[in-house]
Amino acid sequence: MLKTVLPEIANQNVTWTSSDSEVATVDSNGKVVGKKRGTTNITVKTSNGLTDTCLVTIKAAPSSVNLSNTSLKMGVGETFTISETTNSGSYANAANLKWTSSDPSVAYVTKVQKTNKAVITAKKAGTTNIKIQTFNGKTAVCTLTVFPAPTSVNLNASTLKMGIGETFTISETTNSGSYANASNLNWTSSNTKVATIKKGSGNKAIISAVGKGTTNITIKTYNGITRTCKLTVYAAPTSVRLSNTSLTLKKGQTYTISESTNSGSYANAANLKWSSTNTKVATVTKGSANKATIKAVGKGTAYIKITLYNGKTAQCKVTVQ
């Protein structure tokens, strides 16, 4: 513990005492050592009788420690914040946590003061073990592999068309042999009145169309490499049509049906929902773009239905002979 005696010209000599030395002891420098579970008051007293007290709670010593990650992939120059937790009912003072890297030339680790976290910085391609050790010697290890820094990044869509109220999951990939930690990916929209973007899991993000117009959706890696998708947002569809309103098929026969929304509207193919009212008569499987495949499986009648992201529907009556 640290003490402060004011003014600075006053006698700085103090005495330290513990109200229960079986719980914790304190030496002449204010160093507290926990002895058993419980509470005790640690008191500091000046030469002229002034005192201050700290209530100290001693918990069971940790019997295990875990890291937020047991394995990691990073790119050269990248940083990552790792954290530790001890087992339930145990405690490890953050000041007494010891973080080390088995090969600091590959990556080094820096403790974040007064927390259970540390920052890993990748230096060169290779592998190293990031280790946490509690005050009583309990350890946990994260295996880290460092790859070359990415020199390019790609998106799964370079252009997109969406309708107001629609969402789309966009994803990124870095070039072969490189890695960009998902927590360090930065997604932005050049016009948030047209579309917003929210980071999702892994290398994905969710685009939400909010107004008519155009915007650029940009991904930026930790080392500044970027890629952009041009997005055009249209009015939400007010109607949808199918290429057929009725069909007659023989058992085992298949048929490709397609949908179209009204002029000026758009429904992303990923958000089209196809269904059958009776799968014992006919099934439907989503195909590429705005198409789906109907398969006649049994005698009878079924309705094949298309539902847009905003609830607009159309259906085709299928009779299987």
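K114 sits in the loop between strand 10 (107-111) and strand 11 (117-122), where strands, like helices, are DSSP runs numbered from the N terminus (H or I over at least four residues for helices, E over at least two for strands). The structure is a predicted model, in which local features need pLDDT of at least 70, side-chain atom pairs count only at pLDDT 80 or more, and totals for chains, interfaces and linings use all residues. Residues are numbered from 1 along each chain as its sequence is written, and side-chain values use heavy atoms, with hydrogens and water left out.

K114 has a positive phi although it is not a glycine, and a positive phi is also found at A289, again not a glycine, which lies in the loop between strand 26 (282-286) and strand 27 (291-296). The table gives their accessibility classes (buried under 20% relative accessible area, exposed over 50%, partly exposed in between, with a 1.4 Å probe and protein chains only).

| Residue | Phi | Relative accessible area |
|---|---|---|
| K114 | near 65 degrees | 82%, exposed |
| A289 | about 50 degrees | 48%, partly exposed |

Another backbone feature is the cis peptide bond from L6 to P7, with omega near -5 degrees; P7 belongs to the segment before strand 1 (14-18).

An open sheet of mixed pairing is formed by 4 strands in the order 23-29-28-25, two strands being paired if DSSP finds at least two bridges between them. Because strand 23 (246-249) and strand 25 (273-276) stand at the edges with a single partner strand each, one side of each is left without a neighbour in the sheet. Strand 23 pairs with strand 29 (residues 313-320) in the parallel sense over 4 bridges, and S246 stands opposite K317 in strand 29.
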